[in-house]
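Visitor: I have a model here and a list of labels for its parts. Could you take me through them and show what backs each one?

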Amino acid sequence: MTTTSTLSTVDTSTLRERAAAIKKQVLANLDHYLVETEKQVTAHGGHVVFAQTVDDAVDYILLLAKERGVEHFVGARATNLANDKQALRNEIEALGSDLGSYLAGRARQPDASASYQLERLLAAGIGITGANFVVADAGAICLAEDDDFGRRASAAPKIHVAVAGIEKIIPRTRDLAVFLRLLSARFPGHVSLLSGPRRTDELDGPEEFVLILLDGGRSAILADAAKRELLQCIRCGACLARCPVTPVGQMGALTRLLTPPHTASPLVHASTLCGACGEACPVKIDLPRILVALRHDDRLALGGWRAWLLRGWAFVMLRPRLYEFLGLMARAFWPAAWKGAKPAAKSFRQLWRGKGR
Amino acid sequence: MAKRVSLFVTCMVDQLLPKAGLAMAEVLERAGFDVEFREAQTCCGLPAYQAGCSSQARAVGSHFLNTFVDADYVVVPSTGCAGMLSRDLPHLFPDDPSARTAAQTLSTRVWEFSRFLLEVAKVDSLGARFPHRVTYFDTCCSVPAQAGPRTLLQKVKDLDYVELDGPPECCGFGGLFRWHAPQEADAMTQKQMSRILASKASHVVGLDVGCLLQLREALERGKHAVQTLHLAEVLANQ
Ligand code: SF4
């Protein structure tokens, strides 16, 4: 028997193992990779800025614009950010934590694809993009898009500002072979690897390149063992695509951890924990476990009558005789109109005793 | 001497679907085990654990631990509860090393019914016969599809097995999920019901009682004749 092995037939489970291991390794040594990234970006003529919060990133961009006399910005998602601080803020927030092409395509303003004007691009002094990956050893960012808006926004204006969460770092260029394949299992796209500003022998590209590495609450997540894995996320959207509930709202509850105010929403309760998301995740994030961990977070814990009901339930479950008695009562007085989970005529323990055991 | 297995029938089987528990006991006895039922047992704690009520989950989990601490094998008829007991039980005691160790030890002795039959009892033929068109529904947390229960169904004489179309998907039960998203839960159940109906099976078999009851209710409400059965009920049939 002959076996043929091509790139496309590489075993996905091996790729997932690799991807998860690489991400774990980066997160465990993030301080090292941040320094490495800065070193390499600088060596390629770019500039790295560390931003603690989204507001810090916004302030930095506004300052940069003022210094360079720039009046117009373009973003890869919103076409014209003018000098509107809130729009810029939203853009940065979205780019820093965006859900990848899967959602970017839907979230883009409707006018964007139709009237994305080249003139507007050329008039802009600053183009702002996100980054799917930050490649430490190349000092580069990688954009993987299902259109080329990001690429254009990076190349046309004089200054390219890329905003990336600190968790987007991968160690080596060759790791892209693993990650891009896991991303591109779901969408075909434009992949750009961008490092530094335009070089003297190049025809286009920005004159200045700035990479803003955004913490935005990520180091707090990193410090929390129960949620740490979440930072492995490559924003591929596979978990959303596979969720049988209301995908965007449900898994969105998790990804909201990555945006201010860095708390998940009560939506974490709206999951059956069926496991489809964790199964789909190419970097093997145990999403159901993280959902449960969040439910155990005091701020998201059940309140009101539901909490009381569970307290009562536990009280009963710790007392086998009371439990059996209440079962008998439920049988005796079960309203005929209530179908659903109607108790059986006799409980298992009654039947078992009846068999003379 | 025959090996001893302890049934943990779960609160749902005890109260709502006792025939699944009896069938499980019968199959285990036929496979050569001494079967016992400990009366102190109630629930595994899953509802509280999933709802995020740590202290309640821990209390009920300790109760399970105390009840079964000296059991050789604990066999469970529900995939959801078995997952809770074999995977999550130790997580209930982050600050109590001795309980944690005890939970870890016990959790390795907890077996979901079909896995127990295949991996511990290593059953070959069970002498079961079931002359109907049957499909298997991958119940609670069985993503991806599980081979075990299908292997067991293939051992049943005269059983006409039909696979459902498409990948396994959640039935919409999910414990307290209905509290939070009743409409989504209904939509999910309807979707799975259509898959089952499309298979033209007369019986749908599963391994989690929560899922089975959820599907049964939907099928009854829709006045469909398809019967829901626990795998043990099929295997016990002769
Ligand atoms: S499947 Fe995993 S990597 Fe992809 S978006 Fe979901 S959590 Fe992130």
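**Labels and their grounds**

Guide: Start with A:Gln232. Beyond its neighbours within four places in sequence, A:Gln232 contacts A:Ala20, A:Lys23, A:Lys24, A:Leu27, A:Val283 and A:Ile285. Keep in mind that this is a predicted model.

Visitor: What makes A:Gln232 buried rather than exposed?

Guide: Its relative accessible area is 1%. Buried means under 20%, so A:Gln232 counts as buried. A:Gln232 sits in the loop between helix H10 (218-222) and helix H11 (238-242) of chain A.

Visitor: Why is the pairing of the A:Gln232 and A:Lys24 side chains called a polar contact?

Guide: The two side chains make that contact at 3.0 Å. The cut-off for N or O pairs is within 3.5 Å, and one atom must be able to donate a hydrogen and the other to accept it. The pair therefore qualifies.

Visitor: Which residues surround the ligand?

Guide: The shell includes A:Cys233, A:Ile234, A:Arg235, A:Cys236, A:Gly237, A:Ala238 and A:Cys239. A:Cys281, A:Pro282, A:Val283, A:Ile285 and A:Leu287 also belong to it.

Visitor: How do the residues of that shell divide by class?

Guide: Ten are nonpolar, one is polar and one is charged. Gly counts as polar and Arg as charged, so A:Gly237 and A:Arg235 in the shell take those two classes.

Visitor: Why is A:Lys284 called partly exposed?

Guide: Its relative accessibility is 34%. Buried is under 20% and exposed is over 50%. The value falls in between, so A:Lys284 is partly exposed.

Visitor: And A:Leu273, buried or exposed?

Guide: Buried, because its relative accessible area is 7%, against a limit of under 20%. A:Leu273 has a positive phi too, about 60°, although it is not a glycine. Its place is the loop between helix H12 (247-255) and helix H13 (276-280) of chain A.

Visitor: How do you know that A:Ser192 is buried?

Guide: A:Ser192 has a relative accessible area of 4%. That is under 20%, so the label holds. The residue is in strand E8 (residues 190-194) of chain A. Apart from neighbours within four places in sequence, A:Ser192 contacts A:Ile141, A:Cys142, A:Leu143 and A:Arg151.

Visitor: Which of these contacts of A:Ser192 is polar, side chain to side chain?

Guide: The one with A:Arg151, at 3.0 Å. The limit is within 3.5 Å.

Visitor: Then what makes H2(B) and H7(B) roughly parallel?

Guide: In chain B, helix H2 (residues 18-30) and helix H7 (residues 113-120) have axes that come within 11 Å and cross at roughly 5°. Under 35 degrees counts as roughly parallel, so that is the label here. B:Met24, B:Val27 and B:Leu28 of H2(B) make the contact with B:Phe113, B:Phe116 and B:Leu117 of H7(B). Six nonpolar residues take part, with no polar and no charged ones.

Visitor: Why is H5(B) described as mostly covered?

Guide: Because eight of the ten residues of helix H5 (residues 79-88) of chain B are buried, each under 20%. Among them are B:Cys81, B:Met84 and B:Asp88.

Visitor: How much of chain A counts as buried?

Guide: 52% of its 357 residues. Chain A has 17 helices and nine strands.

Definitions and conventions. Residues numbered from 1 in each chain as written. Chains lettered and ligands numbered in written order. Predicted model: local features only at pLDDT ≥ 70, side-chain atom pairs only at ≥ 80, totals over all residues. Heavy atoms only, no water. Helix = DSSP H or I, 4+ residues; strand = E, 2+ residues; numbered from the N terminus. Buried < 20%, exposed > 50% of the residue type's maximum accessible area, 1.4 Å probe, protein only. Contact = heavy atoms within 4.5 Å. Near = heavy atom within 4 Å. Axes fitted to C-alpha atoms, helices over the stretch in contact; angles between N-to-C directions. Parallel < 35°, antiparallel > 145°, perpendicular 65-115°, else oblique.
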